Amino acid sequence: MKRLLVANRGEVAVRIVRACRESGIESVAAYSDADADAPFTRLADYCIRLGPAPAAESYLDVSRVIAAAKESGADAIHPGYGFLSERAELPDACEAAGLTFVGPPAAVMRALGDKVGAKELMIKAGVPTVPGYHGSDQADSTLLAAANGIGYPVLIKAAAGGGGRGMRVVSNSAEFGAQLQEARKEAGRAFGDGRMLLEKYIQRPRHVEVQFAADSHGSVIHLFERECSLQRRHQKVTEESPAVRLDPIVRSEMCSATVRAALAAGYVGVGTAEFLVSEETDGLQEFYFLEVNARLQVEHPVTEMCTGIDIVALQLRIAAGEPLLIAQDDVHSRGHSIEARIYAEDPANEFAPSIGKLHVWRPPAGPGIRVDSGVEQGSEVSPYYDAMLAKVIVHAENRAAAHRRLETALRDFHVLGVRTNIPYLLSISRDPVFAAGDFDTGFLDRRTDLRTESGSVPNEVFVAASVFGACEPSLRKTAAVAQAVRPSPWAAGDSWRNA
Amino acid sequence: MRSEYEILGERVHLGAEMDGDEWRVDLPTGEAVRVKLIAAQGSVMQLRVTSDGEQARQFEAAVAEVDGELNVSFEGRVYRFGQPNRSEAFPRASSSSGALHAPMLGVVTDVAVGVGDRVAQGDRILVLEAMKVIATVEAPFAGRVTSLCVAKGDRVAAGTLVAVIEASREEASN
């Protein structure tokens with residue numbers, strides 16, 4: 001691998017270009033018209049136009065991506081996350097074109113993308129999956145026996161279902177018969193189909209995932225877990241590592257189950273196994289396999305902060321056919337890391353997307369603060385792509401310290417020109433329930449109170465607005481003078497740390 | 001020099017008078033403070049505030065003018081000072097008006113009707129998309145499309161007039 005085309009945009013494109021530079025690989029930015037002047041386009045060693053702004057005609061077009069790679073003399077493609085990263089057509093097309101694909105083989109991607117097949121594969125590998133009954137025998141006695149086998153509480157679902165109709169949570173076998181009849185009646189009315197399925201009802205589910213890496217020589221290691229339970233409408237908002245309140249035995253079982261899963265799938269590359277963790281009535285925790293994300297993930301930095309392993313560099317090494325060079329015993333998770341995703345959206349207005357020019361973009365800096373960003377001051381935030389502008393990742397010796405560091409970093413972040421979720425992230429990080437780590441995947445959808453800002457306008461704000469209003473035209477001149485007299489400590493970014 | 005703004009539903013007067021190398025600012029509370037601009041990087045300012053008999057306090061804030069509003073970023077929140085009496089609201093489609101406006105900014109990804117088409121109440125007129133968020137503009141009542149102001153691929157701002165529907169006589173009498 002000598003020259004790599006980045007088939008993505010924004011912060012992940014910047015991340016990949018940097019990893020290439022450190023690995024001695026040249027980088028090619030493939031950009032859409034909306035990104036012709038974006039930081040990632042300028043940062044790469046070469047750049048090539050992919051197509052018009054709409055993703056379907058640029059970042060999502062396999063043939064254009066392959067043609068751009070050929071034309072720019074690249075011998076490898078990194079898909080990043082999102083866009084084409086989990087489309088098996090891309091590794092297929094790379095193979096046909098003689099290009100290295102930085103990711104798992106197409107066949108593995110297909111096998112893991114098929115939910116039913118993946119679940120069967122995991123059961124064979126001894127990885128726990130959500131227990132259920134999907135059989136055609138619909139006799140009351142069969143269903144009751146299946147429910148007893150699954151263990152209560154059990155969820156009765158209409159086979160033809162959706163929208164919660166024909167759905168019942170049953171807490172013990174005595175109630176089962178009556179609830180089954182009710183659910184059948186409801187499903188018959190709603191869908192004209194009374195067939196039922198059973199599934200274990202996951203109480204207070206938490207989303208915990210395990211990062212792994214597998215080389216082409218048969219070695220697989222895990223890089224411990226990430227907690228991603230804070231989601232709003234299935235979109236992750238913050239992630240952290242280690243997971244909060246996770247039983248150490250469950251943690252270690254999840255990690256070894258992940259290694260078994262990767263081996264069973266014949267995986268090559270880095271990937272993530274997603275699990276649901278339930279809290280049972282007796283206080284014990286259980287974990288269940290959900291799916292494998294066969295790509296780099298947005299939240300990979302929290303794992304990098306805790307393990308010190310550069311996951312993108314590892315991807316490049318694996319793709320080049322080199323061995324991992326890291327044994328499982330060499331992987332240690334140290335301290336605590338939290339990531340907060342900065343989105344261009346308005347939390348007070350149902351998270352409506354926000355676009356415009358970034359008049360002010362001043363990310364925080366300091367020890368233990370990392371900002372992965374795809375924009376800069378003056379950037380135009382366009383309506384064409386995902387609303388994520390940046391990620392603030394903090395690391396500290398324990399969760400309480402990481403939590404304080406995140407709050408401080410968010411307070412130091414100045415963004416003007418588009419609306420962002422920074423105030424929302426701040427209310428989350430100030431919430432005592434979040435601080436205690438006592439949340440599940442439903443937390444943010446229940447806690448709508450965190451979306452509204454309350455309180456009055458601080459005097460500092462009146463002072464700043466008054467001074468700006470009075471001296472705005474000459475402010476830039478004043479700024480130049482101030483800089484000449486004394487360099488601003490934050491203008492220098494984190495360079496003082498290296499002094 | 002004092003200007004009137006509106007913030008969180010309240011009218012406030014903002015102004016500062018130069019006094020030597022400091023500014024004199026009258027706060028809405030009536031208190032007067034002395035302010036020194038100690039450094040500025042573009043629009044990010046560091047200010048030192050002295051009120052009578054107290055230790056000077058320092059803080060940082062960013063200020064910029066965005067869409068005619070004065071926006072101040074301070075400690076993770078953004079405060080927006082608007083011009084009083086400036087109407088922010090744009091007219092939404094209602095049963096009395098057939099003027100249809102974009103409910104949010106976005107790119108027009110589909111136009112489902114043509115000028116002259118007859119539409120029923122709730123029929124899809126066009127679809128907008130921004131950052132994976134999809135919004136559909138529907139006919140507020142039955143009628144005829146008399147005007148289409150956008151085409152597929154257009155970028156529109158929130159509140160842009162996108163189409164006009166006229167209630168046709170036979171539909172109106174229903």
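## Chain A–chain B interface and a sheet of chain A

Between chain B and chain A, nine residue pairs are in polar contact, with both residues at pLDDT 80 or more. The coordinates come from a predicted model, and every value below is computed from it.

On the side of chain B that touches chain A, strand S6 (residues 57–66) of chain B gives the most, contributing nine residues. The residues on this side of chain B comprise 38 nonpolar, ten polar and eleven charged ones.

The contact as a whole draws 59 residues from chain B and 55 residues from chain A. Together the two chains bury about 4,900 Å², and 69% of this area lies on carbon and sulfur atoms. Gln41(B), Arg77(B) and Met131(B) account for 14% of the area that chain B buries against chain A, more than any other three residues.

Charged pairs also cross the interface of chain B and chain A, where five salt bridges are found. One of them links Asp386(A) to Lys132(B). Over all chains, the structure holds 50 salt bridges, including one between Arg341(A) and Glu239(A). Arg341(A) belongs to strand S15 of chain A and Glu239(A) to strand S12 of chain A, so this pair ties together parts that are 102 residues apart in sequence. The table gives the N–O distances for the two named salt bridges.

| Salt bridge | Closest N and O atoms |
|---|---|
| Asp386(A) with Lys132(B) | 3.1 Å |
| Arg341(A) with Glu239(A) | 2.6 Å |

Strands S12 and S15 of chain A are both members of an open sheet of eight strands, ordered S14-S13-S10-S11-S12-S15-S22-S20 (chain A), with antiparallel pairing. Its edges are strand S14 (285–293) and strand S20 (369–373) of chain A, each of which pairs on one side only. On average, neighbouring strands of the sheet are turned by 25° against each other, direction ignored.

Within this sheet, strand S10 (residues 206–214) and strand S13 (residues 269–279) of chain A run antiparallel and are joined by nine bridges. Val210(A) has Ala273(A), in S13(A), as its bridge partner.

Two helices of chain A pack on the sheet. Helix H1 (residues 10–22) of chain A touches S20 and strand S22 (388–396) of chain A, and the direction of H1 makes about 110° with that of S20(A). Helix H10 (residues 300–307) of chain A touches S10, strand S11 (220–232), strand S12 (235–241), strand S15 (336–343), S20 and S22 of chain A. The direction of H10 makes about 25° with that of S22(A).

Key:
Residues are numbered from 1 along each chain as its sequence is written. Chains are lettered from A and ligands numbered from 1 in the order in which they are written. This is a predicted model: local features need pLDDT of at least 70, side-chain atom pairs count only at pLDDT 80 or more; totals for chains, interfaces and linings use all residues. Side-chain values use heavy atoms; hydrogens and water are left out. Contact means heavy atoms within 4.5 Å. Buried area is the accessible area (1.4 Å probe) that two parts lose on being put together, summed over both. A salt bridge is a side-chain nitrogen of Lys or Arg within 4 Å of a carboxyl oxygen of Asp or Glu. A polar contact is a pair of N or O atoms within 3.5 Å; within protein, one must be able to donate a hydrogen and the other to accept it, and residues adjacent in sequence count only if both atoms are side-chain atoms. Helices (H or I, at least four residues) and strands (E, at least two) are DSSP runs, numbered from the N terminus. Ala, Val, Leu, Ile, Met, Phe, Trp, Tyr, Cys and Pro count as nonpolar, Asp, Glu, Lys and Arg as charged, and the others, Gly among them, as polar. Two strands pair if DSSP finds at least two bridges between them. Axes are lines fitted to C-alpha atoms, for helices over the stretch in contact, and angles run from 0 to 180 degrees between N-to-C directions.
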